Amino acid sequence: MRNYRVLLQRWRRLVRKLPFLQLRYFGEASGYPLMLIESRHHREGARSLYVSAGIHGDEPAPVEGLIQWAEETLPSLKGWNFQIFPCLNPWGLERNLRFDEEGRDLNRCYNSRKVPQIVEQIRAMKGRKFDLALMLHEDYDARGFYLYEIASERPYWGDELRDELSEKMAFDPRRVIEGRSANKGVIRRSITPKLLTELKGHPEAFRLHFHHAKRTYTFETPSEDFLVNRVGIHKVFIRLAMGRLASVAH
Ligand SMILES: [Zn+2]
């Protein structure tokens, strides 16, 4: 779980069996190669999905949930377009540390040109459009799962996703989460130019929202719950969000 080399091997083994996908290295951080799994050919008009995990190294369940989901589900998704970033902070993952080796919160660096791996990731994503972008996280203060939703298309999906997920895990009941008002585990942010200038660093979700994705979800699980539950609910979340996309006219 915390061994990046083993994680790489699992992804490599999976992609080898799926000729419609390729694994490539888009950069390097603290001596670790950064991997990206994507469709070998971009299919015009196909549904497209972005998923990332492990940008915070002390959040292991999303990394494990994503590879397990991929092992179980990716073989049946030949017709989709993908970009999957399985672990954006391997140095942190192996040390159980949120930040990277330079002490940076990478999820506040998406407007910085000074962080090589972010520059390289943005280059790897150039020109890509996604129907759906999922960013998988964990939170030590959470009392249940919660999600941030940024969508340029209506209807919103957050409340229904929350209801479906609630069958497996309780949502975080707090009215204020990370300083934002939350409604039964759903935080909907309107991102204004003012907010952008106030924030010192931009998270990955903002980059996706402004440049790539119609719908952006940041999903958070409570770090204090059992690992097996957290891994499980990340898989369920990816499945439910994709199921919703698969069911809408395209
Ligand atoms: Zn996080």
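**Helix α2 and beyond**

Reply: This is a predicted model. In α2, the buried residues are P60, A61, P62, V63, E64, G65, L66, I67, W69, A70 and T73.

Me: How many of the 14 residues of α2 is that?

Reply: Eleven of the 14 are buried, so α2 is mostly covered under the cut-off of 20% relative accessible area.

Me: What do the buried residues of α2 pack against?

Reply: They pack against α1 (4-16), β3, β4 (81-85), α3 (90-95), β5 and α8 (227-247).

Me: And how far does α2 reach from its first C-alpha to its last?

Reply: α2 reaches 20 Å, close to the 20 Å expected at 1.5 Å a residue.

Me: Are the two histidines, H56 and H137, buried or exposed?

Reply: H56 is buried, at 2% relative accessible area. H137 also counts as buried, at 3%.

Me: Switching to charges. How many salt bridges does a search of the whole structure find?

Reply: The search finds 18. One of them pairs E38 with R24, with the closest N and O atoms 2.5 Å apart. This pair links distant parts of the chain, 14 residues apart: E38 is in strand β2 (residues 32-39) and R24 in strand β1 (residues 21-29).

Me: Which residue forms a salt bridge with D105?

Reply: R98 does, and the closest N and O atoms are 3.2 Å apart. D105 counts as buried at 14% relative accessibility, and R98 as partly exposed at 30%.

Me: Where do R162 and D159 lie?

Reply: Both are in helix α5 (residues 158-165), three residues apart, about one turn of the helix. Salt bridges that share partners join E149, D159, R162, D163 and R188 into one network.

Me: How far is it from N to O in the salt bridge of R162 and D159?

Reply: It is 3.7 Å from N to O. R162 counts as buried, at 7% relative accessibility, and D159 as partly exposed, at 29%.

Me: Backbone next. Which residues does a cis peptide bond join?

Reply: R154 and P155, with omega at about 0°. P155 lies in the loop between β6 (146-151) and α5.

Me: What about a positive phi in a residue other than glycine?

Reply: E178 has one, near 50°, and lies in the loop between β7 (176-177) and β8 (180-181). S30 also has a positive phi, about 50°. The place of S30 is in the loop between β1 and β2, and S30 counts as partly exposed at 34% relative accessibility.

Definitions and conventions
Residues are numbered from 1 along each chain as its sequence is written. This is a predicted model: local features need pLDDT of at least 70, side-chain atom pairs count only at pLDDT 80 or more; totals for chains, interfaces and linings use all residues. Side-chain values use heavy atoms; hydrogens and water are left out. Buried means under 20% relative accessible area, exposed over 50%, partly exposed in between (1.4 Å probe, protein chains only). A salt bridge is a side-chain nitrogen of Lys or Arg within 4 Å of a carboxyl oxygen of Asp or Glu. Helices (H or I, at least four residues) and strands (E, at least two) are DSSP runs, numbered from the N terminus. The expected span of a helix is 1.5 Å times one less than its number of residues. Contact means heavy atoms within 4.5 Å.
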